[in-house]
Amino acid sequence: MFSQFALHERLLKAVAALNFEEPTPVQAAAIPLALQGRDLRVTAKTGSGKTAAFVLPVLNRLVDLKQKRVEIRALVLLPTRELAQQTLKEIERFAQFTFIKAGMITGGEDFKEQAAMLRKVPDILVGTPGRMLEQLNAGNLKLEHVQVVVLDEADRMLDMGFSEDVERLCGECPNREQTLLFSATTGGAGLRDMIGKVLKDPEHLMLNTVSQLNDGTRQQIITADHNQHKEQIVQWLLANETYQKAIIFTNTRVMADRIYGHLVAKDVKAFVLHGDKDQKDRKLAIERLKQGGAKVLVATDVAARGLDVDGLDLVINFDMPRSGDEYVHRIGRTGRAGNEGLAVSLICHGDWNLMSSIERYLKQSFERRVIKEVKGTYSGPKKVKASGKAAGVKKKKTDKKGDKKVVAKRKPTAKPKPNAPLASADGLAPLKRRKPAPAAE
Ligand code: AMP
């Protein structure tokens, strides 16, 4: 029950109007501490309800302000435009019975219009660090009255090279009383460094360890012989799986365009989203997907960042993501807020080591699935024979569709190959030994 929190009645009214009945675990853990004014570092997966976990305490702080809209009081920094748009919407939904106004500043939008919006002084400013700094440098943005700063998807902001910008912007808020930092992963040294610099004696709420992520999502792998074979598998999955909406991830825009072209040729209602697309295309793709005009989105990681589309219940990794954390972000698109989802990764010979290092990082074993209609010849590394006996354990099961799934297949005595990737705390180690991949964005 949200009424357990010491939230203003206008906010509780909005919570009820939005049909939020039970707080999610991250909300139950973070809201009371945030309401006390504590600095928080929250590790929680995408889709766990973390937006409301910071939006409600921020609104509660501002709801009774006597002076309306003379200074920016809260700053929310996040990595992408889409996430900014979604967060702005969420703030507006929760603030619907209050006088609090929010504004948004991101790249790809008109600079002068943003400056005009800033002259009206929103109570809460949401945006991406790069453009926010440009507005600050142009003298359009004053942050000295900011009371609370939220860093959402902080790990992602670091990955995108925003750490200096974030620190600079925090430094422009000398009177801030509270900082709330959210990340989907525990991050590495960069995140620890940022935490040390911007948070004061924070409480660390670990809502999910990485291995518990996306427990509403079944995670499978299907082996493939080559990219063309992967495309056949994609077509089969799209034709035979039960799903509302699907997202297919590739590591390069060239591959995204190619798959998109083949889907369209097969009359699949699809859209493609990658770094070459302009802001208009991105908005259109997301709208079409939300309204149901397209069922399938083909995307690269950066393009899909921050997407929150209801009913996105099938994720296909055409290319394996390059790190464990990226995998977590990708499958965080599905199984949101308790819904079931399915994530299928297509694995060629060259993907196997990366896939198994991600399994080790997540401390999970993905379900091995074989679809007999599109079965190829590659089925994973050859088994290593141990003293004349087969080294692997193989159990086969048939699911309701009649596909065979290899549930467990282990090589207990196999020595690691010299080029086998290492499982690392940040899931990135395998990349160091891979050939440089073509730029995704
Ligand atoms: P988030 O992790 O904040 O992106 O939230 C994921 C989705 O879950 C959003 O569509 C939210 O509106 C929804 N959501 C968050 N918290 C709740 C809740 N307590 N009850 C129902 N839906 C929720």
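Predicted model: local features only at pLDDT ≥ 70, side-chain atom pairs only at ≥ 80, totals over all residues.
Helices here are DSSP runs of H or I with at least four residues, and strands are DSSP runs of E with at least two, both numbered from the N terminus. Residues are numbered from 1 along each chain as its sequence is written, and side-chain values use heavy atoms, with hydrogens and water left out.

**The chain and its sheet**

The chain holds 16 helices and 16 strands. Of its 441 residues, 54% count as buried, that is, under 20% relative accessible area with a 1.4 Å probe and protein chains only.

Seven strands form an open sheet in the order β3-β4-β2-β5-β6-β1-β7, and their pairing is parallel. Strands pair if DSSP finds at least two bridges between them. Because β3 (102-105) and β7 (203-206) stand at the edges with a single partner strand each, one side of each lacks a neighbour in the sheet. From one strand to the next, the twist averages 15°; axes are lines fitted to C-alpha atoms, for helices over the stretch in contact, and angles run from 0 to 180 degrees between N-to-C directions.

Inside the sheet, β2 (residues 74-77) and β5 (residues 148-151) are joined in the parallel sense over 4 bridges, and L75 has V149 in β5 as its bridge partner. Helix α4 (residues 81-94) packs on the sheet and touches β2, β3 and β4 (124-127), with a direction about 175° from that of β3. Contact means heavy atoms within 4.5 Å. Helix α9 (residues 189-198) lies across β1 (40-43), β5 and β6 (178-183), at about 170° to β6.

**Back to D123**

D123 is buried, with a relative accessible area of 3%. Beyond its neighbours within four places in sequence, D123 contacts residues including L62, R73, A74 and F99.

**The ligand**

The ligand is surrounded by 16 residues, the closest being E22, Q27, S48, G49 and T51, where a residue counts if one of its heavy atoms lies within 4 Å. Both α3 (50-62) and α4 supply at least two residues each to this shell. Here are some polar contacts, meaning pairs of N or O atoms within 3.5 Å:

| Ligand atom | Side chain (N or O atom) | Distance |
|---|---|---|
| nitrogen | Q27 | 2.7 Å |
| oxygen | T51 | 2.5 Å |
| oxygen | E90 | 3.4 Å |

On its own the ligand has 500 Å² of accessible area, and the protein covers 82% of that; such areas come from the Shrake-Rupley method with a 1.4 Å probe.

Terms used:
Buried < 20%, exposed > 50% of the residue type's maximum accessible area, 1.4 Å probe, protein only. Polar contact = N/O pair within 3.5 Å; in protein donor to acceptor, adjacent residues only side chain to side chain.
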